[in-house]
Amino acid sequence: MENAALVSCSLNLLSGSRSCNKPPSLLTPSASVSLQVSQSPFRKIHLNGDKRLRKYHTVYAMAVSMGQETRAQPGSGSDNGSDEASSPKKVMVIGGDGYCGWATSLHLSNKNYEVAVVDNLVRRSFDHQLGLDSLTPIASIHNRIRRWKSLMGKDIGLYVGDICDFEFLSEAFKSFEPDAVVHFGEQRSAPYSMIDRSRAVYTQHNNVIGTLNVLFAIKEFGEDCHLVKLGTMGEYGTPNIDIEEGFITITHNGRIDTLPYPKQASSFYHLSKVHDSHNIAFTCKAWGIRATDLNQGVVYGVKTEETAMHEELYNRLDYDAVFGTALNRFCVQAAVGHPLTVYGKGGQTRGYLDIRDTVQCIELAIANPAQRGEFRVFNQFTEQFSVNELAALVTKAGKKLGLDVRTVSVPNPRVEAEEHYYNAKHTKLAELGLEPHLLSDSLLDSLLNFAVQYKDRVDSKQIMPSVSWRKTGAKPKTVPA
Ligand SMILES: NC(=O)c1ccc[n+]([C@@H]2O[C@H](COP(=O)([O-])OP(=O)(O)OC[C@H]3O[C@@H](n4cnc5c(N)ncnc54)[C@H](O)[C@@H]3O)[C@@H](O)[C@H]2O)c1
C-alpha cells in the first residue's frame, strides 16, 4: 500500500569516465556497493565481491517525476496550495543530501517550489573514509525522497553526480531548467582540508571548480537563473574592526571607493570560499549573472518542521572533531558525559544560526532575487557567541536536565586568535523579513534531549581534535580512529 505512493527512481547508466576531480583515498566501506578509492571514487561505483562485476560506471540517478498533484504558488506552504496557480519556481539544490541542503530541499518543496537535488553523495563517503557517522541514523537519499513523496505527495528530483563533471552538470541543467540554483555542494570542513596535501588539493579543486562549472552552466543554459551560493563568515577572519556585509567604503589618500570587504581566511577550506566569491563577483560583472553570496555563520540544531515529520527524513548531526560544529558538538559531549572541549582560551567569537533559519534565509534569497549583473552579499547569522559563552549555556541547560557537564581547555589545533574583537553586521536578511529563532533554553533542551536519545551511537574516540593546522603535511595522513 505504502509502496504505491512512493516515487519511482530509475538509474540511468551513462557510460564514460569523464574525470576531473581526484579526491584522496577512501577506506572501503562495508556495504555491498562501495565507492572506489583513488580514481575519482565519488563518481564511480563498483560492486563488491564478484570480479566479473568490477566494471566502472558513472551513475546518474534521476527520480522519475510522477507528476505534481498540486501545483501551488511558491511560498504558500503545504496547506495553502492552489490548483489554479501557475508552475512553481524550479530550484536546483546542489548538495541537497547534506546537512543544510536536505533541510532546505524539504522546506522549499513544502513551500511549493519544484525542487531537484544534485549531489554526488561524497559527504557520506567522507564518513566511511574517516570512520565517522552522524549521531542520527540517516536514510539513503532515495529513501528520503520516497518518504517525502509518500507523506506529502510531492516529488523531489534527484541527479546523482559530481558538479566538477561539467557534462553531468550540463545535462542536469538542461533537463531541470532551474529558475534558481542553491549551491551547498562543497567540501565544507576546515579540519578536513587541513589533514594533508591531498585533502587540501581535493577541497580547493572540488569547491572552486564545482562553483566555476555552476557559473558556466548558468551562462550556457539559464542566463536568467539566480545563483544562491553558500559562503561562510569565516571568509572575513577576525579583523579588529566591524565586519560589514560584503563591502566596505574606504577613503584612501583623499579618494573614496566601496570595495569588497577584506578576506582573511584561516584554512584551505575557507580560502576555497574566498576564491569562489571572487569568481562569482567577476562573472556577475562580465556575464551579467545574478548572484547572492550568503556568508553563513555556524549552523546548529537538527530539526526543522519538515525533517521532524518522519525518522526517514531526519537530518544528519555531526559531533566529531572533523565535521562537527561548535554548539552541536557541545550538546553531544554533554549528553555522553564527555567534558566540553574548548579550544585554547575559548574567546573565539563567531556568528551562529539555527538550521530553521538557514532554510528561511534561503527561501528569502530565492523569493527576492538579485538583479541581472548584481553580486549581493548577505551575512547569514542571527547571533554571535564566544566558545566560552556556548560552553556556559550548554552547562546550564545540561544541569537542568540532570547531566554532569564539565569543560576542559584543550590545546587549540587551529591557528586563530583566541581573544579578539568581533562585531559583524547582519541586517540584510532581516530587512527581507527573516524572523530569527534565537538560541533559547528550549532549543538547547531539545537539542540535548535529542543527543541523549541517540547517545548510544556516539563514538567517544571521535570527540577530541585530531587535525592540527601546524602539523598538516604532504604525506597522506590517517585521522586516528
Ligand atoms: N554547516 C555549517 O555550519 C555551515 C556554516 C557555514 C557555511 N556552510 C556552507 O554551507 C554549505 C553546506 O554545508 P553543510 O553543512 O550542509 O555540508 P554537508 O557536507 O553536510 O553538505 C554538502 C553536500 O554537498 C555534496 N557535495 C560536495 N561536493 C560535491 C560535488 N562536487 N558535486 C556534488 N555534490 C557535492 C556532499 O555530498 C554533501 O551532501 C557548504 O558550502 C558550507 O561551506 C555550512
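Predicted model: local features only at pLDDT ≥ 70, side-chain atom pairs only at ≥ 80, totals over all residues.
Colleague: What is the handedness of the crossing of α1 and α9?
Modeller: The crossing of α1 and α9 is right-handed. Residues are numbered from 1 along each chain as its sequence is written.
Colleague: Noted. At what angle do α1 and α9 pack?
Modeller: About 55°, and their axes are 9 Å apart. The axes are lines fitted to C-alpha atoms, for helices over the stretch in contact, and angles run from 0 to 180 degrees between N-to-C directions. α1 and α9 are therefore oblique to each other. The scheme is that angles under 35 degrees count as roughly parallel, over 145 as roughly antiparallel, 65 to 115 as roughly perpendicular and the rest as oblique.
Colleague: And which residues of α1 and α9 meet?
Modeller: On the α1 side they are C100, A103, T104, H107 and L108, and on the α9 side I355, T358, V359, I362 and E363. Contact here means C-beta atoms, placed from the backbone, within 7 Å. This contact of α1 with α9 has six nonpolar residues, three polar and one charged. For those classes, Ala, Val, Leu, Ile, Met, Phe, Trp, Tyr, Cys and Pro count as nonpolar, Asp, Glu, Lys and Arg as charged, and the others, Gly among them, as polar.
Colleague: Where do the element names come from?
Modeller: They are DSSP runs numbered from the N terminus: helices are H or I with at least four residues, strands E with at least two.
Colleague: Let's switch to the ligand. Which residues come nearest to the ligand?
Modeller: G95, G98, C100, R123 and R188, out of 27 residues around the ligand. A residue counts as near if its C-beta atom, placed from the backbone, lies within 6 Å. Two or more shell residues come from each of α1 (99-110), α2 (122-130), α6 (197-221), β9 (226-232) and β13 (298-300).
Colleague: Which element gives the most to the shell around the ligand?
Modeller: That is α1, with three residues. By class, the shell has ten nonpolar, eleven polar and six charged residues.
Colleague: Back to helices. How do α6 and α7 cross?
Modeller: Their axes come within 9 Å and cross at roughly 20°. That makes α6 roughly parallel to α7. α6 passes α7 in a right-handed crossing. Among the residues that meet are A200, T203 and Q204 in α6, and F268, Y269 and S272 in α7. The contact of α6 with α7 has eight nonpolar, eight polar and two charged residues.
Colleague: What about α8 and α10, how far apart are their axes?
Modeller: 10 Å, with an angle of about 35°. α8 passes α10 in a right-handed crossing. A326, L327, F330, C331 and A334 in α8 meet V387, L390, A391, V394 and G398 in α10. That contact has nine nonpolar residues, one polar and no charged.
Colleague: Now the sheets. What is the strand order in the open sheet of seven strands?
Modeller: β7-β6-β5-β8-β9-β12-β16, with parallel pairing. β7 (156-160) and β16 (375-380) stand at the edges with a single partner strand each, so one side of each is left without a neighbour in the sheet. Two strands pair if DSSP finds at least two bridges between them. Four bridges join β8 to β9, for instance, and V182 has V228 in β9 as its bridge partner.
Colleague: Which strands of the sheet does α7 touch?
Modeller: β9, β12 (290-296) and β16, and the direction of α7 makes about 155° with that of β9.

Methods: Left-handed = near helix turned anticlockwise from the far one by under 90°. Contact = placed C-beta atoms within 7 Å.
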